Amino acid sequence: MRLNKKTRQQLDLLKLLIKKEITLRYKRTYLGFLWSLLNPILTGVVLFIAFNIFMRFEVENFALFVMAALFPWTWFSASVTMSSNVFTGNVSLIKKVIFPKQFLLLATVIAQLVNFIFSLPVLIGLVYFYGGSLTIEWLIGIPILILIQFAIVYGLVLVISVANAYFRDLEYLINVLISLLFWMTPIVYPLEAVPEAYQGILVMNPVTYLIQAWRDLFFNNTLNWNNISISLVTAAIVLIAGLLIFKKFEKRLDEVL
Amino acid sequence: MIKAENLWKSYPMRRDRPGFKEFVINAPKFLKDNNNRFWALRGVSFEVKKGESLGIIGRNGAGKSTLLTLLLGVAQPTEGSVTISGKKTPLLELGAGFHPDLTGIENIIINGVLLGYTEHEVRDRMNSIIAFSELGEFINMPIRTYSSGMVMRLAFSIAIHTSPEVLLIDEILAVGDESFKKKSGKALQELINGGVTTVYVSHSMDAIKKTCDRAIWLEQGEIRAQGESGFVVEEYLKAQGQA
């Protein structure tokens with residue numbers, strides 16, 4: 001099938017924006033693209049030292065346990081944090097060039113997804129290090145969960161990026177909110193370790209199910225359809241709401257930038 | 001062809017945000033004042049026929065650039081409508097999307113695609129863009145190593161190589177050194193004379209008279225005069241002389 005010229009051009013644009021996002025971020029560093037891998041790994045090491053060595057958290061294979069949740073979380077949090085100033089940081093593009101503004105967001109989220117995919121070999125290495133092996137569930141689970149998380153993240157950044165154009169305070173608030181969400185999600189600890197009285201709060205956090213689904217897959221080699229379907233519903237709601245809100249406020253973006 | 005019907009455009013009054021303390025003390029006042037809007041355009045209508053060129057003149061803040069952004073479609077009119085047929089090329093801000101760490105060639109590709117071409121089409125024009133820019137070996141260097149004149153030359157070379165049907169220009173002719181200025185002015189003139197529909201915002205009355213068939217004089221968001229460009233320029237200059 002031959003694409004018409006307009007579609008071809010739009011695809012080229014998206015491709016170039018993604019490429020730019022991936023290659024330029026670390027362009028002038030020595031380690032380059034490696035940084036996107038090193039960041040979550042080093043964070044994982046810090047968490048490992050703090051929780052496994054200092055605090056003697058009783059979890060088996062703690063490194064794998066943390067990384068299994070931390071890598072997908074990094075895709076989530078990095079996309080959300082970066083997207084907050086995607087529009088406020090590209091004013092001349094938005095105000096002087098006609099192109100689908102959401103491409104800038106797609107490029108951010110997809111670039112982070114690429115980082116995530118490149119971090120998978122590290123996880124696989126850990127699995128074998130702890131004497132496990134890959135199962136067929138990985139092949140089924142990874143694409144499904146990637147699609148679900150993509151919808152959730154993209155829906156969220158649609159709202160956050162536009163909202164930050166109207167309320168610049170968000171840019172500063174977002175780091176605190178992300179850090180709050182990090183500790184409110186069972187990433188460094190298992191859900192069961194939380195006193196039952198407080199588990200109710202964590203259970204109301206939709207990201208909990210997504211992260212649990214990833215960990216079920218990477219740590220236990222299982223597809224937890226309960227967590228997956230709750231995440232799927234979340235994804236549908238967030239994506240639709242995000243698209244609607246973006247469509248409504250995008251029109252007046254030029255007035256506030 | 002361009003048809004603008006009864007265009008109104010308002011912006012929220014962007015006074016400095018109050019500090020938190022003032023905001024808390026005077027909250028009711030600030031919330032009420034929030035409805036103040038500045039009207040940049042108040043009921044502007046005109047038509048530009050295919051192949052015609054229209055000049056827009058007026059003092060700073062008259063609404064000229066706002067009008068161009070509405071024509072380009074990056075901003076929506078608060079009221080009224082714009083109809084444009086044909087491929088639009090903006091010469092509003094040259095080099096939008098340029099990145100300092102990318103080389104000249106890489107920036108040509110990304111800027112060209114942003115202007116509406118496929119990567120393949122941009123590559124087809126690559127040689128002639130590079131030749132026009134006279135950047136020589138620098139084309140393979142990151143543009144952070146360029147002088148600002150060189151960046152503008154590169155940006156103009158890309159813009160002039162898009163084959164537009166509708167050209168929207170916002171006072172950018174002064175690009176680079178004298179010789180490049182002459183060359184770019186000539187290239188632009190050829191494009192306009194070649195039957196491209198043009199809307200041209202400028203403070204250079206000579207350029208308007210020379211380039212445009214008709215002109216519009218905007219003042220405080222309204223059309224003060226329109227007609228044959230020589231006539232409108234005379235009227236405008238007369239009024240400025242009095243003021």
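Predicted model: local features only at pLDDT ≥ 70, side-chain atom pairs only at ≥ 80, totals over all residues.
Reader: How many residues of chain A are in contact with chain B?
Author: On chain A there are 20 such residues, and they are in contact with 23 residues of chain B.

Reader: Which elements of chain A supply that side?
Author: At least two residues each come from α1 (5-24), α4 (91-96) and α11 (253-256) of chain A. The largest share is that of α1(A), with 8 residues.

Reader: And how do the residues on that side of chain A divide by type?
Author: There are 11 charged, 7 nonpolar and 2 polar residues on the side of chain A that touches chain B.

Reader: Turning to the sheet in chain B, what is the strand order?
Author: The order is β5-β6-β7-β3-β8-β9 (chain B), an open sheet of 6 strands with mixed pairing. At the edges stand β5 (88-91) and β9 of chain B, each of which pairs on one side only. On average, neighbouring strands are turned by 15° against each other, direction ignored.

Reader: How many bridges join β5(B) to β6(B)?
Author: β5(B) pairs with β6(B), residues 166-170, over 4 bridges in the parallel sense. Within this pair, Pro90(B) has Leu168(B) as its bridge partner.

Reader: What about β8(B), is it enclosed or open?
Author: Strand β8(B), residues 214-219, is largely enclosed by the rest of the structure, because 5 of its 6 residues are buried.

Reader: What lies between β8(B) and β9(B)?
Author: The two strands form a hairpin with 2 residues between them, and Gln220(B) in the turn has a positive phi of about 45°.

Reader: Now the core: which residues have the most contacts inside the largest nonpolar one?
Author: That core has 125 residues, and those with the most contacts inside it are Val157(A), Trp214(A), Ile56(B), Ala155(B), Leu168(B), Val199(B) and Ala215(B). Helix α3 of chain A, residues 62-83, gives the largest share of the core, 14 residues.

Reader: What is Val157(A) in contact with, leaving aside its neighbours within four places in sequence?
Author: Val157(A) is in contact with Ser79(A), Val80(A), Ser83(A), Leu105(A), Thr108(A) and Val109(A).

Methods
Residues numbered from 1 in each chain as written. Chains lettered and ligands numbered in written order. Contact = placed C-beta atoms within 7 Å. Nonpolar A, V, L, I, M, F, W, Y, C, P; charged D, E, K, R; others polar. Buried ≥ 20, exposed ≤ 12 C-beta atoms within 10 Å, placed from the backbone. Pairing = 2+ DSSP bridges. Core = buried A, V, L, I, M, F, W, Y, C linked by C-beta atoms within 7 Å. Axes fitted to C-alpha atoms, helices over the stretch in contact; angles between N-to-C directions.
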